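Dear colleague,

Please find below the structure that I am handing over to you. My notes on it follow directly after.

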Amino acid sequence: MLERLIESWLDSATERSYQSPFCQMLAAEGHVVVHSTQHTPIEFGKDIITIGPDGIPCAFQLKGHPGGRMTLTDFRAVRPQLTELVENPIAHPGVSRKRHRCYLVTNGQTDEVVQRDLMDINQDLERRGFGPHRIELWERGRLLEMATRLGASLWPSEVEDLNVFLELIVHRGDDVLPLAKIHELLQRLLRLAIVTGK
């Protein structure tokens, strides 16, 4: 059930609401998080900056596509941010100026044309001296695997089902079972919700 809760959260999370839990996931994999943007006008040009387990600086650009796909139109809209992600060195007092790794992260899937376009961008960056495979794509599957490994240690924010789940855990055992709450939780987790009129 916990895995379904995590999956349900990931498929409904916005870019901002999965940012903090994603920092938790990175830390669990050995990254030292040195910056997580607050989405203010003054930013370092990267959503998350870490020092990887091998000591290499890493920069992450997060995009939210909850329960959906990143289309070519979506991708082309973020291309200027990807250029900045690669070409601008990390400007943070806790990070050395050596070349950093770059990651585009989405909690959705990506269309095949997006993957092809990203390959073309990486080839162009390699021709221009930025090295091979400059931008690595992390999609829903990878995020789900990272989150599931953390299990109960992961505390997502803005999880609608989490409150119901916690209420069920602390419910008195000698009281009437709150079937309406159980129904509400299972309906969303098992994706049995009825969509009414359009």
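Is His133 buried or exposed? His133 is exposed, with a relative accessible area of 68% (buried means under 20%, exposed over 50%, partly exposed in between, with a 1.4 Å probe and protein chains only). His133 lies in the loop between helix H4 (112–127) and strand S7 (135–138), and its phi is near 50°, a positive value in a residue other than glycine.

Please note that this is a predicted model, in which local features need pLDDT of at least 70 and side-chain atom pairs count only at pLDDT 80 or more, while totals for chains, interfaces and linings use all residues. Residues are numbered from 1 along each chain as its sequence is written, and side-chain values use heavy atoms, without hydrogens and water.

Helix H1 (residues 2–10) and helix H5 (residues 140–150) pack at an angle of about 140°, their axes being 10 Å apart. Helices here are DSSP runs (H or I, at least four residues), strands likewise (E, at least two), numbered from the N terminus. The axes are lines fitted to C-alpha atoms over the stretch in contact, and angles run from 0 to 180 degrees between N-to-C directions. H1 and H5 are therefore oblique to each other (under 35 degrees is roughly parallel, over 145 roughly antiparallel, 65 to 115 roughly perpendicular, and the rest oblique).

Phe60 touches several residues, including Phe22, Tyr103 and Trp138.

Yours sincerely

Notes. Contact = heavy atoms within 4.5 Å. Lists of a residue's contacts leave out its neighbours within four places in sequence.
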